[in-house]
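Please look at the sequence and the model before reading on.

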Amino acid sequence: MSAPFKGDPRETLRGGLPDRYLTPGDIADMFGVPLETVYQWRRKRTGPPGFRIGKHLRYDPADVRAYVAQRKTVRQGAA
């Protein structure tokens, strides 16, 4: 089992994929939004895709990176 995550999750994603799945709190910290916003994204299916492990919501770092890349492409195409 990996050690608990410490530090800024944005730095971890910039330097490479972390060796664990991300929590909703990690996503909120990464994007600088309230935790409730992450849950709203999930309900509306507008944010990065997440999945459940039992009752726990988790995000695959590769999916989060793909989501960010897709959002950047959409933004650049609109400019």
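A residue counts as buried when its relative accessible area is under 20%. In this predicted model, buried residues make up 24% of the 79 residues in the protein chain. The chain has four helices and two strands, and their order from the N terminus is α-α-α-β-β-α.

Some totals for the protein chain are set out below.

| Property of the protein chain | Value |
|---|---|
| Accessible surface | about 5700 Å² |
| Part of the accessible surface that belongs to carbon and sulfur atoms | 52% |
| Part of the contacts with a separation of 6 or more that join residues 24 or more positions apart | 37% |

Arg20 lies in the loop between helix H1 (9-15) and helix H2 (24-31). Is Arg20 buried or exposed? Its relative accessibility is 18%, so Arg20 counts as buried, given the cut-off of under 20%. The side chain of Arg20 also makes a polar contact, at 2.7 Å, with the side chain of Asp26.

H2 packs against helix H3 (residues 35-44) at an angle of about 110 degrees, and the two axes are 8 Å apart. H2 is therefore roughly perpendicular to H3, since angles of 65 to 115 degrees are classed that way. On the H2 side, the residues that meet H3 are Pro24, Gly25, Ile27, Ala28 and Phe31. Their counterparts in H3 are Leu35, Val38, Tyr39 and Trp41. By class, this contact of H2 with H3 has eight nonpolar residues, one polar residue and no charged residues.

Notes
Residues are numbered from 1 along each chain as its sequence is written. This is a predicted model: local features need pLDDT of at least 70, side-chain atom pairs count only at pLDDT 80 or more; totals for chains, interfaces and linings use all residues. Side-chain values use heavy atoms; hydrogens and water are left out. Buried means under 20% relative accessible area, exposed over 50%, partly exposed in between (1.4 Å probe, protein chains only). Contact means heavy atoms within 4.5 Å. Accessible areas come from the Shrake-Rupley method with a 1.4 Å probe; for residues, only the protein chains shown count as cover. A polar contact is a pair of N or O atoms within 3.5 Å; within protein, one must be able to donate a hydrogen and the other to accept it, and residues adjacent in sequence count only if both atoms are side-chain atoms. Axes are lines fitted to C-alpha atoms, for helices over the stretch in contact, and angles run from 0 to 180 degrees between N-to-C directions. Angles under 35 degrees count as roughly parallel, over 145 as roughly antiparallel, 65 to 115 as roughly perpendicular and the rest as oblique. Ala, Val, Leu, Ile, Met, Phe, Trp, Tyr, Cys and Pro count as nonpolar, Asp, Glu, Lys and Arg as charged, and the others, Gly among them, as polar.
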